[in-house]
Amino acid sequence: MLWVSERQAEGLLLSLSVKRTLFAGRSQYQDILLVETHRYGKVLFLDGAVQLSEADEFFYHEALVHVPLFAHPAPRDVLIIGGGDGGAVREVLKHPGIRSLTLVEIDPLVTRLAQEHLGARFDHPVLRLLHADGIRHVAQAPSESLDVILVDSTDPVGPAQGLFSEEFFGHCARCLRPQGFLAMQSGSPILQLPLIKDVQAALRRGFSGRAWLYLAPVPTYPGGLWSFSIASMVLQPSQALRDAPRGMALRHWSPQVHQGSFALPRFLQDALKSL
Ligand code: SAM
């Protein structure tokens with residue numbers, strides 16, 4: 001039996017038995033491994049870290065997308081940075097009224113593999129796919145041009161490092177309309193608390209203190225629990241402004257899950273209090 005392992009932390013491995021390897025190689029940015037596993041279906045690894053599994057990606061993509069979009073009164077223009085696997089695009093396009101969706105993914109090999117093996121689709125009429133650096137894209141984007149920015153990036157290493165910086169958050173704040181949201185994956189509350197504190201502190205500096213943390217289970221991610229950081233100059237994110245329209249396919253998000261995801265365990269509340 002072939003096994004693939006992710007070293008999630010010192011002394012901690014996630015190992016998955018593999019049915020078949022769909023792709024193993026390196027792009028100009030990262031090592032890429034795409035396998036079909038017995039337990040979690042197809043799994044995408046970048047530089048050895050699980051990015052998504054077919055079995056549990058819905059927790060992550062619904063949490064990242066639907067919390068800001070249902071907390072916004074009328075999201076029209078959305079930007080996704082990273083997200084080359086197509087999951088966040090799929091969820092955003094479930095929202096009626098999206099006028100423009102821009103996906104800025106630095107690695108064209110990721111989007112190619114996602115289309116070939118993960119059912120990703122990038123052909124919707126309102127979608128613009130750019131293979132570029134999201135950091136530079138936001139720095140050059142027009143002011144007050146977006147309602148929601150979603151950062152669906154790898155962890156802050158390599159090309160993703162700058163996506164966790166105060167300078168980047170400042171450009172996001174400039175590009176967002178007054179009622180806009182920035183939401184991003186911000187790491188494992190179990191294993192990456194210093195990262196979470198850094199992101200929250202930088203977001204609060206970039207958004208006049210208005211940043212929050214919310215959680216969702218993602219079994220294949222380090223610690224099995226994941227955090228998202230969200231910021232807005234005006235709006236409050238912890239309540240959904242409406243329920244999902246009838247027929248919207250969801251497996252995680254609901255107005256109750258939305259609200260509950262902001263109920264943080266005490267150790268996290270205490271960690272954020274000290275910022
Ligand atoms: N859901 C995953 C997670 O939370 O770790 C992220 C999935 S998605 C595959 C991450 C993507 O971010 C990768 O495809 C990577 O190429 C992209 N990325 C990293 N840095 C980037 C940057 N500066 N600009 C645009 N895309 C970037």
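Mentor: A salt bridge is a side-chain nitrogen of Lys or Arg within 4 Å of a carboxyl oxygen of Asp or Glu. This is a predicted model in which local features need pLDDT of at least 70 and side-chain atom pairs count only at pLDDT 80 or more, while totals for chains, interfaces and linings use all residues. Residues are numbered from 1 along each chain as its sequence is written, and side-chain values use heavy atoms, with hydrogens and water left out.

Trainee: What makes the contact of Asp31 and Arg26 a salt bridge?

Mentor: Their side chains meet at 3.0 Å, N to O. The limit is 4 Å, so the pair of Asp31 and Arg26 qualifies.

Trainee: And how many salt bridges does this rule give?

Mentor: The count comes to 14.

Trainee: Why is Arg26 called exposed, but Asp31 partly exposed?

Mentor: Compare each value with the cut-offs: buried means under 20% relative accessible area, exposed over 50%, and partly exposed in between (1.4 Å probe, protein chains only). Arg26 has 53% relative accessibility, so Arg26 counts as exposed. Asp31 has 38%, so Asp31 counts as partly exposed.

Trainee: Where do Asp270 and Lys273 lie?

Mentor: Both are in helix α8, three residues apart, which is about one turn of the helix. Helices (H or I, at least four residues) and strands (E, at least two) are DSSP runs, numbered from the N terminus. Asp270 and Lys273 form a salt bridge, with their closest N and O atoms 3.4 Å apart. At 45% relative accessibility Asp270 is partly exposed, whereas Lys273, at 64%, is exposed.

Trainee: What makes Phe267 part of a nonpolar surface patch?

Mentor: Patches are made of residues with over 30% relative accessible area and no salt bridge; like charges are joined within 9 Å, and nonpolar side chains (Val, Leu, Ile, Met, Phe, Trp, Tyr) within 5 Å. Phe267, in helix α8, is partly exposed at 40%, so Phe267 passes the area cut-off. Leu12, Ile190 and Leu191 complete the patch of about 330 Å². Such areas come from the Shrake-Rupley method with a 1.4 Å probe, and for residues only the protein chains shown count as cover.

Trainee: Now the strands. How do you know that β4 and β5 pair?

Mentor: Two strands pair if DSSP finds at least two bridges between them. Strand β4 (residues 41–46) and β5 have four, in the antiparallel sense, so they meet that rule. Leu44 stands opposite Leu52 in β5. The two strands form a hairpin with two residues between them, and Asp47 in the turn has a positive phi of about 45°.

Trainee: Which sheet holds β5, and what makes β5 an edge strand?

Mentor: Five strands make an open antiparallel sheet in the order β1-β2-β3-β4-β5. The edge strands, β1 (2–9) and β5, each pair on one side only.

Trainee: Why is strand β7 called largely enclosed?

Mentor: Four of the five residues of β7 (residues 100–104) are buried, so the rest of the structure largely encloses β7. Strand β6 (residues 77–82) pairs with β7 in parallel over five bridges, and Val78 has Leu101 as its bridge partner.

Trainee: What makes the crossover from β6 to β7 right-handed?

Mentor: A crossover is right-handed if, with the strands pointing away from the viewer, the path from the first strand over the helix to the second runs clockwise. The chain goes from β6 through helix α2 (residues 87–92) to β7, and this β-α-β crossover is right-handed, so that path runs clockwise in such a view.

Trainee: And which strand does β7 join over four bridges?

Mentor: Strand β8 (residues 127–130), which runs parallel to β7; Leu103 stands opposite Leu129 there. The crossover from β7 through helix α3 (residues 108–117) to β8 is right-handed too.

Trainee: What is the order of the sheet with β8 and β7?

Mentor: Seven strands form an open sheet of mixed pairing, β8-β7-β6-β9-β10-β12-β11. β8 and β11 (211–217) each have a single partner strand, so one side of each lacks a neighbour in the sheet.
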